[in-house]
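Biologist: Walk me through this one, please. Keep it brisk.

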Amino acid sequence: MMKINELCTAIALLTLLQLSVPTNADSQPAEMEVPTPQPWPEQFHALLYMNLSTAQLQISNLYYDWPNRRNVNIFQKQLGVLLYDIEWNNGTTFYYTLGENGTCMIMQFDVGILPPDFLDGANYLGTQVTDGFLCNAWEKVDFIWYYEDVLTKRPVRWDFYDGISTHVITFEIGELLQDSFTQAPAYCFTSQEGQRAA
């Protein structure tokens, strides 16, 4: 009699287990939605720590201003001079230093500043921990590798193909630079230093 009870219990357990196993249709993993990078805010200030491919270090204050189509970088190279880099959407960039011996170089590039959605179409690489943050990572055209905090969607780091690594220290949405800082000095237009470079 014990054996029949044990057999009935085993059959009941097998029946329950069979009912709890999903069918083939249920067992297909749901497609995971691939995240897309957060477009940059139209205006922001970021303090950046940069490790250059030349083994030099620099700090950059980046002021991004898409509505006015300008981008300002104020670079402080390690033990170097303060360099202003004013980029305009027409491809013109002014590199200058201030002071009595101020210098200026004007360069023309084929493209203007990056639009806020410059990462559209980037290849998703999955999640990675960088600088202590869990980030979604993307790569675009073998040119840039971009890391965005999973929780806040703020940029954490980006690396360029040439080995330059940029780490975001602060990120302030809506912070703008005074217009007086975005106008290149007069000697960019009147002196020998203000020559155009190709």
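This is a predicted model: local features need pLDDT of at least 70, side-chain atom pairs count only at pLDDT 80 or more; totals for chains, interfaces and linings use all residues.

Biologist: How many cavities of 30 Å³ or more?

Modeller: Two, from a search of the whole structure. A cavity is a set of points on a 1 Å grid over the protein atoms alone where a 1.4 Å probe fits but cannot get out; lining residues have an atom within 4 Å of a point. Grid points are joined across faces, edges and corners, and volume is the space filled by probe spheres set on them.

Biologist: What lines the largest cavity?

Modeller: Phe44, Tyr63, Tyr64, Asp65, Arg70, Val72, Glu175, Leu176, Leu177 and Thr182. That lining has six nonpolar, one polar and three charged residues. The volume is about 60 Å³. S2 gives the most to the lining, three residues.

Biologist: Switching to aromatics. How many pairs?

Modeller: The count is 13 aromatic pairs. Rings of Phe, Tyr and Trp (its six-membered ring) pair with centres within 6.5 Å; planes under 30 degrees apart are stacked, over 60 edge-to-face, the rest tilted. Phe44 and Tyr64 are stacked because their ring centres are 5.2 Å apart and their planes at 25 degrees.

Biologist: Where in the chain do those two sit?

Modeller: Phe44 is in strand S1 (residues 43–51) and Tyr64 in strand S2 (residues 57–65), 20 residues apart. Strands (E, at least two residues) are DSSP runs numbered from the N terminus.

Biologist: Is Phe44 buried or exposed?

Modeller: Buried, at 0% relative accessible area. Tyr64 is buried too, at 1%. Buried means under 20% relative accessible area (1.4 Å probe, protein chains only).

Biologist: Which salt bridge does Arg70 form?

Modeller: One with Asp65, closest N and O atoms 3.0 Å apart. A salt bridge needs a side-chain nitrogen of Lys or Arg within 4 Å of a carboxyl oxygen of Asp or Glu. Arg70 and Asp65 are both buried. The structure holds two salt bridges; Asp159 pairs with Arg157 at 2.9 Å.

Methods:
Residues are numbered from 1 along each chain as its sequence is written. Side-chain values use heavy atoms; hydrogens and water are left out. Helices (H or I, at least four residues) and strands (E, at least two) are DSSP runs, numbered from the N terminus. Buried means under 20% relative accessible area, exposed over 50%, partly exposed in between (1.4 Å probe, protein chains only). On a 1 Å grid over the protein atoms alone, a cavity is a set of points where a 1.4 Å probe fits but cannot get out, and a pocket is an open set with protein on both sides within 12 Å along at least five of seven lines; lining residues have an atom within 4 Å of a point. Ala, Val, Leu, Ile, Met, Phe, Trp, Tyr, Cys and Pro count as nonpolar, Asp, Glu, Lys and Arg as charged, and the others, Gly among them, as polar.
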